[in-house]
Amino acid sequence: MTSDPQAGAGGPTNDPATSRRPAVEARLAGLRARLRELGADAVLLSAPADVRWASGFTTPEDAKAVVTPDAATLITDDRYTAQAAEESAIEVLIAGGHRQLDEILGRVAGLRLAVQADHLTWKAARDIEERLGAPPLATEGLTRALRLVKSPDEIDRLREAARLTDAAFAHVLEGTLRAGVREIDVALDLERFVRQNGGEGMAFDVIVAGGHRSAMPHGVASGRVLERGDLVTLDFGARVDGYHADMTRAVGIGPVAEPLRGWFDAVLQAQEAAVAAIRPGLSGVDADQVARGRLAEAGIAELFVHSLGHGVGLQIHEGPSLSSRSTDVLAPGMLVTIEPGVYRPGVGGLRIEDLVLVTEGGHEVLSRSPKGYLEV
Ligand code: ZN
Ligand code: ZN
């Protein structure tokens, strides 16, 4: 576990930048150690989730961060002068346009600079190389290991995001989710509920897929009208203070025929078996195999076309990975999704997904919505 405290030494405060400072300091210490291992002294963070992680700034798409051995600076433009001053736990520099690269390189003069090769554009990398006279150190997955285990403060936010996701599901279950309603109207109702109840936004474009569209694992809500007999997949999550929830439920619009009805029971059993297995020390490969094995017993393993799950945090997909190719091993404080699903084009499909916290003693399921078979 990382040890970021939840508030400043002076106790809780309403100033977001001040209250984030201790957590950010702990993160930067981990990042600097990682850079030293890689042979770099400084880094230009450009991946939005990492810029937010290192600063607390809530519009990281329009910012970068430079971290050196003894300083950390958020660099953004004039549109964000007030917002950055209010939110950033690190020094802020307002420099847009052509001045931005000058300022960044000025701060890392004489230092071995690392960049995020899995995010920085080729053009930006070329510009930096041209100015430095040598290529910067290209890194991939720079913060992945540092962000695997969540702090208590991060877990609180993920817990709240999961709670809001559950509340939104209960809301559409009692109202919009009916035959005759378009998928998009259900999606918009989920989103409106989340936004009106304190969510920053949705974790990703809401998936509502009924009928033949349920065979699309990522069937973002369309104008299709839900019909009796549909098994509708709803996959969505609230985002709270940058942290993403992720949950999938499948609901019958009236009675659901075979083979989907039988597949539902098989997927639920596989999902529950995988959740039950989650504990520290379990490998991502073994977790995936628990669900895949159950679906094989039901004769439908070949319809499970994706991996069992993924980590969640400041990004909807981050480490650890629960898949047949994973190299991760679960540890307390990790947050993972458990989401087996089966899909057959032309027929349909379904998925059931919970957000699960790995604890010292095993796990805690943060998604509380009912997941047994139900019809509306
Ligand atoms: Zn999902
Ligand atoms: Zn997911």
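Leaving aside its neighbours within four places in sequence, which residues is Ala71 in contact with? Before I answer, a word about what is on the screen. This is a predicted model, in which local features need pLDDT of at least 70 and side-chain atom pairs count only at pLDDT 80 or more, while totals for chains, interfaces and linings use all residues. Residues are numbered from 1 along each chain as its sequence is written, chains are lettered from A and ligands numbered from 1 in the order in which they are written, and side-chain values use heavy atoms, with hydrogens and water left out.

Now to Ala71, whose contacts, once the neighbours within four places are set aside, are Arg32 and Val66; contact here means heavy atoms within 4.5 Å. Ala71 lies in strand S3, where strands (E, at least two residues) and helices (H or I, at least four) are DSSP runs numbered from the N terminus. With a relative accessible area of 29%, Ala71 is partly exposed, a class that sits between buried, under 20%, and exposed, over 50%, using a 1.4 Å probe and protein chains only. Between Ala71 and Arg107 there are 36 residues in sequence and 9.1 Å in space, taken C-alpha to C-alpha.

Strand S3 leads us to its sheet. Strands of a sheet pair through backbone hydrogen bonds, either parallel or antiparallel, and two strands are taken to pair if DSSP finds at least two bridges between them. This open sheet has six strands, in the order S4-S3-S2-S1-S5-S6, with mixed pairing. At its edges stand strand S4 (91-94) and strand S6 (137-139), and each has a single partner strand, so one side of each is left without a neighbour in the sheet. From one strand to the next the twist averages 25°, with axes fitted as lines to C-alpha atoms, for helices over the stretch in contact, and angles running from 0 to 180 degrees between N-to-C directions. Strand S3, residues 71-76, pairs with S4 in the parallel sense over four bridges, and Ile75 has Leu93 in S4 as its bridge partner.

Let me step back to the domains. The domain assignment, which is automatic or from a database, gives domain 1 (12-146) and domain 2 (149-365). Their centres, taken over C-alpha atoms, are separated by 33 Å, and the contact takes seven residues from domain 1 and 12 residues from domain 2. The two domains bury about 710 Å² between them, 38% of it on carbon and sulfur atoms, where buried area is the accessible area, with a 1.4 Å probe, that two parts lose on being put together, summed over both. On the domain 1 side, Ala49, Arg52 and Arg144 lose the most area to domain 2, together 59% of what that side buries.

What about the interior? A nonpolar core is a set of buried Ala, Val, Leu, Ile, Met, Phe, Trp, Tyr and Cys residues joined through side-chain atoms within 4.5 Å. The largest such core has 64 residues, of which Leu31, Leu45, Leu234 and Phe236 touch the most other members. Helix H7 (residues 152-174) gives the most to this core, with nine residues. Because domain 1 (12-146) and domain 2 (149-365) both give residues to this core, it lies between them. Apart from it lies another core, of 34 residues, among them Ala287, Ile300, Leu322 and Val342.

Next, a second sheet. Three strands form an open, antiparallel sheet in the order S8-S9-S12, and strand S8 (207-209) and strand S12 (247-252) stand at its edges. Here the twist averages 10° from one strand to the next. S8 and strand S9 (residues 231-236) pair over three bridges in the antiparallel sense, with Ala209 standing opposite Thr233 in S9. H7 packs on the sheet, touching S9 and S12, and its direction makes about 15° with that of S12, whereas helix H8 (residues 183-196) lies across S8 and S9, running at about 150° to S8.

I will finish with strand S15 (residues 335-338), from which Leu335 and Thr337 point one way and Val336 and Ile338 the other, all of them buried. S15 runs antiparallel to strand S18 (residues 354-359), joined to it by four bridges, and Val336 has Val356 in S18 as its bridge partner. Val356 is also among the contacts of Val365, a residue of strand S19 (residues 362-365) that counts as partly exposed at 22% relative accessibility.
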